Amino acid sequence: MKTNYGDNSISDYKGIYQAAVIGLQQESLTKNSFRIQDDFYFSNFHPFNDYCLQTIYYQLPRLTNVNCDEWISPDVFKDLMFMENDCHPLQLCNTGSFLTKSTPSVYLTKSFAGDTHGDSLENNVEIYMEGLNDIQKKIDPSKSTGLCGDIFEIINEFIFLQDTQLQKGLIVVASFVDRPPNLGGIARTCEIFGVKALVVANADCVKDKEFQYLSVSADKWLNILQVKPYELQKFLLNKKNTGWSLIGIEQTVNSTNLMTTTFEKRTILVLGNEKDGIPANFIPLFDKCVEIPQVGVTRSLNVHVTAAICIWQYANQHILK
């Protein structure tokens, strides 16, 4: 096997080395054994000489095809006043240029899972690295919201900004919704898709553990208003008189199909109770009622799911463009 180092690594592990060489000399493994020796991990990487922040946070992510957004340059640590210490082996940069000159592997060797014939290595397949680039990756909120800096210091400022922008957008009314898990899920959907405000019957619902489990802190970024059910009719009429479109999410005789509904930019979606839906005396207030088309036997969707589908439809028309 190749080595670029003048150390005693091989002699120290002579037995293991000889076993590896004998194993790799099997006819079925010869092809792959030569290929993996060209991989940076076997040819250039040295666990002691390359022990530094540049290797951990920049070179290894680069050489393993991690998205470039995840690479952290040594300059970042310089800005954070990282100091090298003779008493600690961790350094800032690589002393050599082996890893810097290395390129990601062209192939990965992958064994078929569940091989019971003891010849799984013979069944190895070559997969181009570009085929493995599509891996799970969470969004960066600072890019989608334009926020940067200390996230905790700007939460209040962000909520205030949401308050001042209530002249247009989507408001979701969940004053009839009772269960904290449903409210938590609705809050999470609202925050993700840029809803301007979520109206609930009791603002203290955000303290409920079941709410928090579903909302995963979305309430900290969402403008939540308290309007109790007996106050809701007045609230909706005031909004309607100032130009807001009132949409009830309910199955009625004259309800329209969500798929053919065009939402106004200033829209208020009113959700019904988990069991009873929207009270009948509210139906005449709405500009229209909208229902989600179904093909199954079950009568209706869970209110959280209903809210998510309708919010997405609005966002698709006015926000995600």
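These legends walk you through several views of one predicted protein model.

View 1. Helices (H or I, at least four residues) and strands (E, at least two) are DSSP runs, numbered from the N terminus. Residues are numbered from 1 along each chain as its sequence is written, and side-chain values use heavy atoms, with hydrogens and water left out. Because the model is predicted, local features need pLDDT of at least 70 and side-chain atom pairs count only at pLDDT 80 or more, while totals for chains, interfaces and linings use all residues. Of the 321 residues, 34% are buried (under 20% relative accessible area, with exposed meaning over 50% and partly exposed in between; 1.4 Å probe, protein chains only). The accessible surface is about 20500 Å², and carbon and sulfur atoms make up 55% of that area (Shrake-Rupley method, 1.4 Å probe; for residues, only the protein chains shown count as cover).

**View 2. How confident is the predictor, and what is the mean pLDDT?** The mean pLDDT, the predictor's confidence in each residue from 0 to 100, is 80 for this protein, and 72% of its residues reach 70 or more. Over residues 108–130, however, the pLDDT is below 50, and this stretch has 33 contacts in the model beyond near neighbours in sequence. A contact means heavy atoms within 4.5 Å.

**View 3. Strand 9 and its two partners, strand 6 and strand 7.** Strand 6 (residues 245–249) runs parallel to strand 9 (residues 288–291), joined by 3 bridges. Here Gly248 stands opposite Cys289. Strand 7 (residues 256–257) is joined to strand 9 by 2 bridges, also parallel, with Thr256 opposite Val290.

**View 4. Strand 4 beside strand 5.** Strand 4 (residues 197–200) pairs with strand 5 in the parallel sense over 3 bridges. Look for Leu198 and its bridge partner, Ile224.

**View 5. A nonpolar patch on the surface.** Tyr51, Ile56, Tyr57, Ile72, Val76 and Leu80 form this patch, with about 510 Å² of accessible area together. Is Leu80 buried or exposed? Leu80 is exposed, with a relative accessible area of 62%, and is found in the loop between helix 6 (74–79) and helix 7 (98–101). Patch residues have over 30% relative accessible area and no salt bridge; like charges are joined within 9 Å, and nonpolar side chains (Val, Leu, Ile, Met, Phe, Trp, Tyr) within 5 Å. A salt bridge is a side-chain nitrogen of Lys or Arg within 4 Å of a carboxyl oxygen of Asp or Glu.

Technical notes:
Two strands pair if DSSP finds at least two bridges between them.
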